[in-house]
Amino acid sequence: MSFLGNIIWHVFGGLLAGLSYILGGFVLCLTNLGIPRTPRHFKLLPVALFPFSYRLTPMRT
């Protein structure tokens with residue numbers, strides 16, 4: 001079911017969400033304030049691309 005859910009997610013805008021995370025991460029790299037936040041932005045990319053088969057774990061701060 002997760003495979004089918006991911007395919008439907010990509011068709012209805014999930015791919016666009018993933019591309020926006022990539023573009024947003026590169027835009028954050030251009031500013032001094034955005035550089036520390038960029039790795040967290042890229043860590044959320046798999047969640048945007050494969051939301052039905054990705055398991056979230058708590059991040060250490």
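The chain has three helices and zero strands, and reading along the sequence gives the pattern α-α-α. Keep in mind that this is a predicted model.

Let's begin with the overall dimensions. The table gathers some values for the whole chain.

| Property of the chain | Value |
|---|---|
| Radius of gyration | 13 Å |
| Box filled by the C-alpha atoms, along the principal axes | roughly 40 × 25 × 10 Å |
| Share of the 61 residues that count as buried | 16% |

For comparison, a compact globule of 61 residues would have a radius of gyration near 10 Å. Contacts tell us about the fold too: among those between residues at least 6 apart in sequence, 47% join residues at least 24 apart.

Now let's zoom in on one residue, Thr38, which has its place in helix α2, spanning residues 38–43. Is Thr38 buried or exposed? Thr38 counts as buried because its relative accessible area is 6%, and buried means under 20%. A polar atom of the Thr38 side chain lies 2.8 Å from the backbone oxygen of Gly34. Which residues does Thr38 touch once its neighbours within four places in sequence are left aside? They are Gly25, Leu28 and Cys29.

Finally, have a look at the empty space. Rolling a probe the size of a water molecule over the atoms shows where such space is left. The largest pocket holds about 150 Å³. Its lining is made up of Lys43, Leu44, Val47, Tyr54, Arg55, Leu56, Thr57 and Met59. Sorted by class, the lining has five nonpolar residues, one polar residue and two charged residues.

Methods: Residues are numbered from 1 along each chain as its sequence is written. This is a predicted model: local features need pLDDT of at least 70, side-chain atom pairs count only at pLDDT 80 or more; totals for chains, interfaces and linings use all residues. Side-chain values use heavy atoms; hydrogens and water are left out. Helices (H or I, at least four residues) and strands (E, at least two) are DSSP runs, numbered from the N terminus. Buried means under 20% relative accessible area, exposed over 50%, partly exposed in between (1.4 Å probe, protein chains only). A polar contact is a pair of N or O atoms within 3.5 Å; within protein, one must be able to donate a hydrogen and the other to accept it, and residues adjacent in sequence count only if both atoms are side-chain atoms. Contact means heavy atoms within 4.5 Å. On a 1 Å grid over the protein atoms alone, a cavity is a set of points where a 1.4 Å probe fits but cannot get out, and a pocket is an open set with protein on both sides within 12 Å along at least five of seven lines; lining residues have an atom within 4 Å of a point. Grid points are joined across faces, edges and corners, and a volume is the space filled by probe spheres set on the points. Ala, Val, Leu, Ile, Met, Phe, Trp, Tyr, Cys and Pro count as nonpolar, Asp, Glu, Lys and Arg as charged, and the others, Gly among them, as polar. The radius of gyration is taken over C-alpha atoms; the globule rule is 2.2 Å times the number of residues to the power 0.38.
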